[in-house]
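I opened my notebook on a structure that is new to me.

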Amino acid sequence: AADVSEIQQLGAEWARSIQNGPKLGKRQRGNLIDLLIKFVMQRFVELPYKEIESMLKLTPIEETRAGKELIQIGIVQGREVGREEGREEGREEGREIGREEGLRAGIQAVLSIRFQPISTERMEQLLKLLIQIHDDETVAMLLGLSQKVESLELFEQKVAELIARR
């Protein structure tokens with residue numbers, strides 16, 4: 001059975017081969033990298049995503065253009081929802097709701113990418129917890145935490161602790 005150091009060496013070589021494969025299209029490369037990540041995730045279920053990124057020498061998701069775009073899309077979509085609700089409840093409250101919704105959408109996007117696969121039920125439960133937090137500074141802090149935390153369980157625990165303190 002392969003150990004972490006062996007997979008670390010081979011995984012980085014495999015990732016490099018996939019990324020430099022001259023006969024592969026961008027989509028094929030992405031699919032193969034996704035399969036490699038899933039293989040490592042299933043082989044080492046206790047490893048946090050950050051270690052897998054490091055092991056395979058991948059660019060951290062929050063540093064990739066796609067990752068930044070997903071976070072931005074979530075913020076923009078949330079602002080749009082907030083603006084709509086804000087017209088009814090007042091401009092100031094709408095801005096705050098929009099920012100919170102955007103931040104929550106960003107958290108959802110980051111966690112969905114970092115800790116895949118996440119069941120729909122589990123994500124819905126997490127969003128129900130996040131909705132209980134009505135402070136955009138706290139939700140912004142949680143977006144930062146979602147990019148750094150080592151496991152989904154640890155993130156859920158931190159959210160639950162924040163809610164319990166209120």
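In which sense, right-handed or left-handed, does H7 cross H8? I looked it up: the crossing of H7 past H8 is right-handed. A reminder to myself is that this is a predicted model.

Entry one, H7 and H8. I located H7 at residues 136-148 and H8 at residues 152-165. Their axes lie 11 Å apart, and the packing angle is about 165°. Angles over 145 degrees count as roughly antiparallel, so I noted H7 as roughly antiparallel to H8.

Next I checked who touches whom. On the H7 side I found Thr138, Met141, Leu142, Leu145 and Ser146. They meet Phe155, Lys158, Val159 and Leu162 of H8. Sorted by class, this contact holds six nonpolar, two polar and one charged residues.

Entry two, H6 and H8. I found H6 at residues 120-131. The axes of H6 and H8 come within 10 Å, crossing at roughly 30°. The cut-off for roughly parallel is under 35 degrees, so H6 goes down as roughly parallel to H8. I also wrote down that H6 passes H8 in a left-handed crossing.

Which residues of H6 meet H8? My list for H6 reads Arg122, Leu126, Leu129 and Leu130. From H8, I jotted down Leu152, Glu153, Phe155, Glu156, Val159 and Ile163. By class, I get seven nonpolar, no polar and three charged residues for the H6 contact with H8.

Last entry, a cross-check. Phe155 and Val159 of H8 turn up in the contact with H7, and Phe155 and Val159 are also on the list for H6.

Terms used:
Residues numbered from 1 in each chain as written. Predicted model: local features only at pLDDT ≥ 70, side-chain atom pairs only at ≥ 80, totals over all residues. Heavy atoms only, no water. Axes fitted to C-alpha atoms, helices over the stretch in contact; angles between N-to-C directions. Helix = DSSP H or I, 4+ residues; strand = E, 2+ residues; numbered from the N terminus. Parallel < 35°, antiparallel > 145°, perpendicular 65-115°, else oblique. Left-handed = near helix turned anticlockwise from the far one by under 90°. Contact = heavy atoms within 4.5 Å. Nonpolar A, V, L, I, M, F, W, Y, C, P; charged D, E, K, R; others polar.
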